[in-house]
Amino acid sequence: MLLDEAVTTVLALPGTYEADHHGRRSFRVGDGKVLATVPDDGVLNVMVDDDLARSTDGAPGVALLWWGKRVSGVAVTLADVDPSLFEALVEAAWRRRVPGAQPRGGTR
């Protein structure tokens, strides 16, 4: 998956927009809640909950993202991740930030 494809996937979620995050690209929803950031070319940090982060850790292209001693999501290497897993991770991050919301025209 290319970065442009990943960005298109993220921005397809209702209310999602791009904003600066300390000089890096980030994707947010609502009042600025971060869904994902771009720390390096070809990598997206996706802010999923601890359970999902740990359950997907080790899948091709997915590794735990640490903020100090706390898991804050997953680091996704776009060239290695399965596109459907990437979509599920991004949607999970979005749902976490917009409780009760329905992505892309309804439930999956």
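## The sheet

In this predicted model, six strands form an open sheet of 6 strands in the order β1-β2-β3-β4-β6-β5, with antiparallel pairing. Strands here are DSSP runs of E of at least two residues, and helices are runs of H or I of at least four, both numbered from the N terminus; two strands pair if DSSP finds at least two bridges between them. At the edges lie β1 (16-21) and β5 (62-67), each of which pairs on one side only, and the twist averages 30° from one strand to the next.

Strand β2 (residues 24-29) and strand β3 (residues 33-40) run antiparallel and are joined by 4 bridges. Ser26 has Thr37 in β3 as its bridge partner.

## Helix α1 against the sheet

Helix α1 (residues 3-11) lies across β1, β2, β3 and β4 (43-46), and runs at about 25° to β2; such angles, from 0 to 180 degrees, are taken between the N-to-C directions of axes fitted to C-alpha atoms, for helices over the stretch in contact, where contact means heavy atoms within 4.5 Å.

Leu3, Ala6, Val7, Thr9 and Val10 of α1 are buried. Because these residues cover an arc of only 160° around the axis, they are on the same side of α1, the arc being that of the directions from the helix axis to the C-beta atoms. Their cover includes β1, β2, β3, β4 and α3 (83-97), whereas the face turned away from the buried side carries the exposed residues Asp4 and Thr8. Buried means under 20% relative accessible area and exposed over 50%, with partly exposed in between (1.4 Å probe, protein chains only).

## Basis of the model

Residues are numbered from 1 along each chain as its sequence is written, and side-chain values use heavy atoms, with hydrogens and water left out. Local features need pLDDT of at least 70 and side-chain atom pairs count only at pLDDT 80 or more, while totals for chains, interfaces and linings use all residues.
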